[in-house]
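Visitor: I would like to learn how to read the side-chain features of a model such as this one. Could you take me through them step by step?

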Amino acid sequence: MKHIIAPRITTQLSVKASDVNDIFNRNTLPWHDLKCCNWPESFPYTPTVRFRLAHTGSSLLLQFAVSELTVRATEPIGGKVWEDSCCETFISFNGQDYYNLECNACGSFLIKYGPDRSQRMLPPERVFRLIDTWSSLGSDAFNETTAPAEWQLALAVPVEAFFGDNISSLSGIKARINFYKCGDCLANCHFLSWAPVTSPAPDFHRPQDFGAIEFAELPLHIAHIQTKMRNLAQ
């Protein structure tokens, strides 16, 4: 099973998505590749996709960097964003139900919650106001285009947005997660994942294929100091 750690960073209480890149750069957070092409015979195209993540205790911070042949963002918030150039994060905190958080190249997103593909629940309206997104391509919708096809996306997701769970802080939590890149209606349709998906046809709603995530309990600078002290003591 793939495993990832979301470091905890110390920053302002309320982080905007537009600040995520600078915060991650200041904390020298690493990029992770999102490149599993699970159905190469049917969907061989593989855009270049990276992501990085962290948390503040009160918020999950995500950033994606994409290079693809074409890019599209036609859908509004709550729409069929998976048909556009779309980056997705599926996460389960209780091992059964999970959230699908999907966001297209202009920052329009969809979030639902439930145990499987057929049983999905929309959040209360307030959740759509809590999640903040930023795209390097701006916030206006656009049809499929070839330039620019390199873009970045950032999200700031407060714990209150995980409306199906009673989470006061992400610190110390262990969960299950997978990250995806898709473009169902693009000229070069594709379905990539971080952790491998074992279904015979494209299906991201598979919590059994999620990897593991650990939300670090200590702030990044304290964890670094403690690691350095342990190394000196050896």
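Predicted model: local features only at pLDDT ≥ 70, side-chain atom pairs only at ≥ 80, totals over all residues.

Visitor: How many disulfides does the structure hold?

Guide: In general, a disulfide is a covalent bond that joins the sulfur atoms of two cysteines. Here the structure holds zero disulfides. For cysteine 87 the closest cysteine sulfur belongs to cysteine 86 and is 6.7 Å away, which is too far for a bond. The closest cysteine sulfur to that of cysteine 103 is likewise in cysteine 86, at 7.0 Å, and this too is too far for a bond.

Visitor: How many aromatic pairs are there, once ring centres within 6.5 Å are taken as the rule?

Guide: The count comes to 20 aromatic pairs. One of them joins tyrosine 98 and phenylalanine 210, whose ring centres are 5.7 Å apart and whose planes stand at 85°, so the pair is edge-to-face. Tyrosine 98 belongs to strand S8, while phenylalanine 210 sits in the loop between strand S15 and strand S16, so the pair ties together parts that are 112 residues apart in sequence. Tyrosine 98 is buried at a relative accessible area of 0%, and phenylalanine 210 is buried at 2%.

An edge-to-face pair is also formed by phenylalanine 179 and tryptophan 194, with 5.7 Å from centre to centre and 75° between the planes. Phenylalanine 179 lies in strand S14 and tryptophan 194 in the loop between S15 and S16, so this pair ties together parts that are 15 residues apart in sequence. Both phenylalanine 179 and tryptophan 194 are buried.

Visitor: Which residues do ring pairs link into a cluster?

Guide: The cluster consists of Trp39, Phe43, Phe90, Tyr98, Tyr180, Phe191, Phe204 and Phe210. The ring of tyrosine 98 also has arginine 120 over its face, at 4.1 Å from the ring centre. Elsewhere, arginine 50 lies over the face of tryptophan 31, at 4.3 Å from the ring centre.

Visitor: Where does histidine 190 lie, and is it buried or exposed?

Guide: Histidine 190 lies in the loop between S14 and S15, and its relative accessibility of 0% counts as buried. Its side chain makes a polar contact of 2.7 Å with the side chain of lysine 181, and a polar atom of that histidine 190 side chain lies 2.8 Å from the backbone oxygen of asparagine 188. When neighbours within four places in sequence are left aside, the contacts of histidine 190 include Tyr45, Glu68 and Lys181.

Visitor: How many salt bridges does a search of the whole structure find?

Guide: The search finds six salt bridges. In one of them, the side chains of glutamate 68 and lysine 181 meet at 3.1 Å, N to O. Glutamate 68 lies in the loop between strand S5 and strand S6, and lysine 181 in strand S14, so the pair ties together parts that are 113 residues apart in sequence. Glutamate 68 is buried, with a relative accessible area of 6%, and lysine 181 counts as buried at 0%.

Aspartate 84 forms a salt bridge with arginine 72, their closest N and O atoms being 2.7 Å apart. Aspartate 84 is in the loop between S6 and strand S7, and arginine 72 is in strand S6, twelve residues apart.

Technical notes
Residues numbered from 1 in each chain as written. Heavy atoms only, no water. Disulfide = S-S within 2.5 Å. Phe/Tyr/Trp six-rings, centres within 6.5 Å; stacked < 30°, edge-to-face > 60°. Helix = DSSP H or I, 4+ residues; strand = E, 2+ residues; numbered from the N terminus. Buried < 20%, exposed > 50% of the residue type's maximum accessible area, 1.4 Å probe, protein only. Lys NZ or Arg CZ within 6 Å of the ring centre and 35° of its normal. Polar contact = N/O pair within 3.5 Å; in protein donor to acceptor, adjacent residues only side chain to side chain. Contact = heavy atoms within 4.5 Å. Salt bridge = Lys/Arg side-chain N within 4 Å of Asp/Glu carboxyl O.
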